[in-house]
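Hello,

Here is the structure I promised to pass on to you. Have a look at it first, and then read on for what turned up.

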Amino acid sequence: MIYRNIYVDGVLSDISVDSGMIVRIEAVGPDSEAQRRTAGEEFFFALPALVNMHTHSAMTLLRSAGSGMPLFQWLNEAIFPREAQLTPDDIYRGALDACEEMRQTGTTAFNDMYFSIGSTLRAAKETNLQANIALSVTDRDCEDKQMIAKFLDSIHNRFEEAGCTFSIAPHSIYTVSARNLQMLADFAKEHQTLFHIHLSETQKEREDCLRENGVPPVIYLDRLGIFDKVGSKFTGAHSLWLDATEIEILGGHHVTAVHCPNSNLKLGSGCRFLYTELRDAGVNVTLGTDGCASSDNLDMVEAMKVMSLLQKGVRNDPSVLPVDEVLKVASSNGRKALGLPDNSIAEGNVADFFLVSTNNRVFKNIDYRNSTSAQIHQELLNRLVYAADGNAVSQVIKQ
């Protein structure tokens, strides 16, 4: 398949894709470009597809539930009671809606956390999205230790046979006991799965942990031996309320942290995500939307904008987290966390990218003919992140 008139890093090119691989990128000469423009052909730019590193996909069924409530009231009054009524078929339909929404807005891989995970697996396969699907576990699920161990083993084997990845997701330190956290970390270590957990999402979570355990959440987990067991497979969703010692521990184990700016703002959980400190400490910082019940949508382009603007605002520095860096957070860092191959748009890499039409009103008045390739690339990125959203995506090309 040949895709014509595509800006790749600001260079107008034709991209040939064969058997899921980008086999050739051929630059278009100025004469040919002029002829194509005279003929009224449509032009696009290409970017690597995005990775939603923390979501609860079936929560499209609960979109905007409990608006205006803080996290713990929101969970106990608006979410948990509704979730108790959901059937596996409900979760399939909700996850299918989520997968279609993600794909349409440029996301082709996601890291999920929910229950009835076979329903989510079915939705991901039907929409050709790559997914790491984590079973959300609380103490209630672990009452019979032998039964939960056998159950987890059987699920893991079933996912391996399906060609998808499965991981374990203790919900949080406030819904899973120390003993069960250690048991689940042993499972993650044995099967080399991700250990996906809500971490330091609110000030209340931190204060409760300090009061009950004498230390903040990361140090609590460290003393339980969780990081020694799972290492870089640890994925901390939110990771918002952290101090310098906690960041040093996370960086020393090269864990993944997932920033969910829209959800954190909507629930009033906080806004000062310590991106620079985490990155410099060695943490793999990624981006997620969270579920639609708190973020209202699964638009990773919008999430990039909010993340970048928050970093500039809380640091009083407009140069912080420029668009090329936030794109890395939203794409290649997520693929690294999930163990996916490189999808940067280069010869020999997997075909996993999206196209945006330059006919879109946001991109119409760029001087494509008299600008350098670097200027064109930067202008396209800036306008996508700050002036557009995921609805600007014209087409997704996925291996």
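Ser200 has a relative accessibility of 0%, so it counts as buried. One thing to keep in mind as you read on: this is a predicted model. Ser200 belongs to the loop that links strand 9 to helix 7. Its phi is near 50 degrees, which is a positive value in a residue other than glycine.

Ser200 also turns up among the contacts of another serine, Ser239. Beyond the neighbours within four places in sequence, Ser239 touches Leu199, Ser200, Ala257, Phe273 and Leu278. You will find Ser239 in the loop between strand 10 (234–238) and helix 10 (244–252). Ser239 counts as buried because its relative accessibility is 2%, where the cut-off is under 20%. Its side chain also comes to 2.9 Å from the backbone oxygen of Gly236.

**Helix 7**

Which residues of helix 7 (residues 203–213) are buried? They are Glu205, Arg206, Asp208 and Cys209. Their arc around the axis is only 165 degrees, so they lie on the same side of helix 7. In an α-helix there are 3.6 residues a turn, so residues three or four places apart point the same way. The partners that the buried residues of helix 7 pack against are helix 2 (71–83), strand 9 (195–199), helix 8 (217–223) and helix 10.

Asn213 is also part of helix 7, and with a relative accessibility of 34% it counts as partly exposed. From the C-alpha atom of Asn213 to that of Asn343 is 43 Å, and the two residues are 130 residues apart along the chain. Just after helix 7 comes Gly214, with a positive phi of about 80 degrees.

On the helix 3 side, the contact is made by Pro88, Ile91, Tyr92, Ala95, Leu96 and Cys99. Helix 4 brings Ser119, Thr120, Arg122, Ala123, Ala124 and Glu126 to it. Sorted by class, the contact of helix 3 with helix 4 has eight nonpolar, two polar and two charged residues.

The other pair is helix 15 with helix 17 (residues 373–387), whose axes are 9 Å apart and packed at an angle of about 65 degrees. Here the crossing is left-handed. Val323, Asp324 and Leu327 of helix 15 meet Gln378, Leu381, Asn382, Val385 and Tyr386 of helix 17. By class, that contact has five nonpolar, two polar and one charged residues.

**Leu321**

Leu321 sits in the loop between helix 14 (300–315) and helix 15 (323–330). Is Leu321 buried or exposed? At 3% relative accessibility, Leu321 counts as buried.

Best wishes

Key
Residues are numbered from 1 along each chain as its sequence is written. This is a predicted model: local features need pLDDT of at least 70, side-chain atom pairs count only at pLDDT 80 or more; totals for chains, interfaces and linings use all residues. Side-chain values use heavy atoms; hydrogens and water are left out. Helices (H or I, at least four residues) and strands (E, at least two) are DSSP runs, numbered from the N terminus. Buried means under 20% relative accessible area, exposed over 50%, partly exposed in between (1.4 Å probe, protein chains only). A polar contact is a pair of N or O atoms within 3.5 Å; within protein, one must be able to donate a hydrogen and the other to accept it, and residues adjacent in sequence count only if both atoms are side-chain atoms. Contact means heavy atoms within 4.5 Å. The arc is that of the directions from the helix axis to the C-beta atoms. Ala, Val, Leu, Ile, Met, Phe, Trp, Tyr, Cys and Pro count as nonpolar, Asp, Glu, Lys and Arg as charged, and the others, Gly among them, as polar. Axes are lines fitted to C-alpha atoms, for helices over the stretch in contact, and angles run from 0 to 180 degrees between N-to-C directions. A crossing is left-handed if the near helix is turned anticlockwise from the far one by less than a right angle, and right-handed if clockwise.
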